[in-house]
Amino acid sequence: MIPLSAYVAVSAILFMTGLVGVLVRRNFIIVLMSVEIMMNAANINLVAFSHYLESMAGQLVALFIIAIAAGEAAVGLAIIIVVFRGKISTNVDEMNLLKW
Amino acid sequence: MVLVFFAYFALISIAAGVLTVTLRHPVHCALALLALLTHVSGLFILLNAEFLWAVQVIVYVGAILVLYLFVLMLLNLKTDERYFHPSALYFLGPAVLGAVYVIFLLMRSPFGGAKGNAPASAVLLEGDTYAVGIKMFSDHLLQFEIVGIFLLGAIIGAIVLAKTPKPLDAEKDRL
């Protein structure tokens, strides 16, 4: 029997990996991929707690998170296409139009 | 046996996550993300969540990742030389230290709590899909509707954003 803390540890490692990716990478598409890694880490956590605490609610929230990840990917990639059309770059450091 | 599968899925998903963050070429990152998503879905199987496994494979791997790859191929990005942020090392050291400490704390914690009303034996009787459906369409119906509205908004937003802008009327008159 695998302890719950093992799943939580895997989830924490994945979340930290995604967080480092968001902070460190400069390509906007890979920043979005790192956000997907973080959402997967949250999903592992929710499903693991749902299994070990014998409640169905965690799996439902994980399902909703997957739906929100789909919407986030669609809108994020559309924004990338718009930015790329105007500036021919997906570097996050060069997107400073809204900065004042 | 379960331990072997858990170790395999956990180690490969962590390795694929690290590769997703560190690989240079964006398409390679997307393929590493593919490995991560499929192995996380294997972890869902170990946790008796077959429905979420299917949703993960269909939605994440089948839809979201294909969308990422599609945009990557469409934009035809050149890999830049300095693909890390210049201040990467300032983040990396504290992040690794903090992660090790958090994992040490997590492995010590017993994680007790109030048990719900869906033990594994009861879920396995009718299947996970049945249990998720009953729960979703009784207790969590409002959240389900909200997610539906959210997805509609996301679709409309993505179409409006990605549409080619129409030329202005003044420019058209001049031609």
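Axes here are lines fitted to C-alpha atoms, for helices over the stretch in contact, and the angles between their N-to-C directions run from 0 to 180 degrees. Helices (H or I, at least four residues) and strands (E, at least two) are DSSP runs, numbered from the N terminus.

The model is predicted: local features need pLDDT of at least 70, side-chain atom pairs count only at pLDDT 80 or more, and totals for chains, interfaces and linings use all residues. Residues are numbered from 1 along each chain as its sequence is written, while chains are lettered from A and ligands numbered from 1 in the order in which they are written.

**View 1. H2(A) and H3(B) at their crossing.** The axes of these two helices, H2(A) and H3(B), come within 12 Å and cross at roughly 175°. H2(A) is therefore roughly antiparallel to H3(B) (angles under 35 degrees count as roughly parallel, over 145 as roughly antiparallel, 65 to 115 as roughly perpendicular and the rest as oblique). Ile29(A), Met33(A) and Val47(A) of H2(A) meet Leu52(B), Tyr68(B), Val71(B) and Leu72(B) of H3(B); two residues are in contact if their C-beta atoms, placed from the backbone, lie within 7 Å. Sorted by class, this contact has seven nonpolar, no polar and no charged residues. Ala, Val, Leu, Ile, Met, Phe, Trp, Tyr, Cys and Pro count as nonpolar, Asp, Glu, Lys and Arg as charged, and the others, Gly among them, as polar.

**View 2. The side of chain B that touches chain A.** Chain B gives 69 residues to the contact and chain A gives 57 residues. On the chain B side, the elements that give two or more residues are H1, H2, H3, H4, helix H6 (128-136) and helix H7 (141-162). H3(B) supplies the largest share, twelve residues. This side of chain B has 55 nonpolar, twelve polar and two charged residues.

**View 3. Helix H2 of chain B.** H2(B) covers residues 26-46, and its 21 residues should span 30 Å at 1.5 Å a residue (the expected span is 1.5 Å times one less than the number of residues). The end C-alpha atoms of H2(B) are 31 Å apart, which agrees. Among the buried residues of H2(B) are Pro26(B), Cys29(B), Leu33(B), His39(B) and Phe44(B). A residue is buried if 20 or more other C-beta atoms lie within 10 Å of its own, exposed if 12 or fewer, and partly exposed in between, with C-beta atoms placed from the backbone. The buried residues of H2(B) pack against H2 of chain A, and also against helix H1 (2-22) and helix H3 (50-75) of chain B. Just after H2(B), Asn48(B) takes a positive phi of about 65°.

**View 4. Gly112(B) in a loop of chain B.** Gly112(B) sits in the loop between helix H4 (88-108) and helix H5 (120-126) of chain B. With 9 other C-beta atoms within 10 Å, Gly112(B) is exposed. Gly112(B) and Val96(B) are 16 residues apart in sequence and 27 Å apart in space, C-alpha to C-alpha. Chain B as a whole has eight helices and zero strands, and buried residues make up 22% of its 175 residues.

**View 5. Leu19(A) in helix H1 of chain A.** Leu19(A) lies in helix H1 of chain A and counts as buried, with 20 C-beta neighbours inside 10 Å. From Leu19(A) to Asn43(A) the separation is 24 residues in sequence and 15 Å in space, C-alpha to C-alpha. Among the elements of chain A, H1 (residues 4-24) has the lowest mean pLDDT (88) and H2 (residues 28-52) the highest (93); pLDDT is the predictor's confidence in each residue, from 0 to 100.
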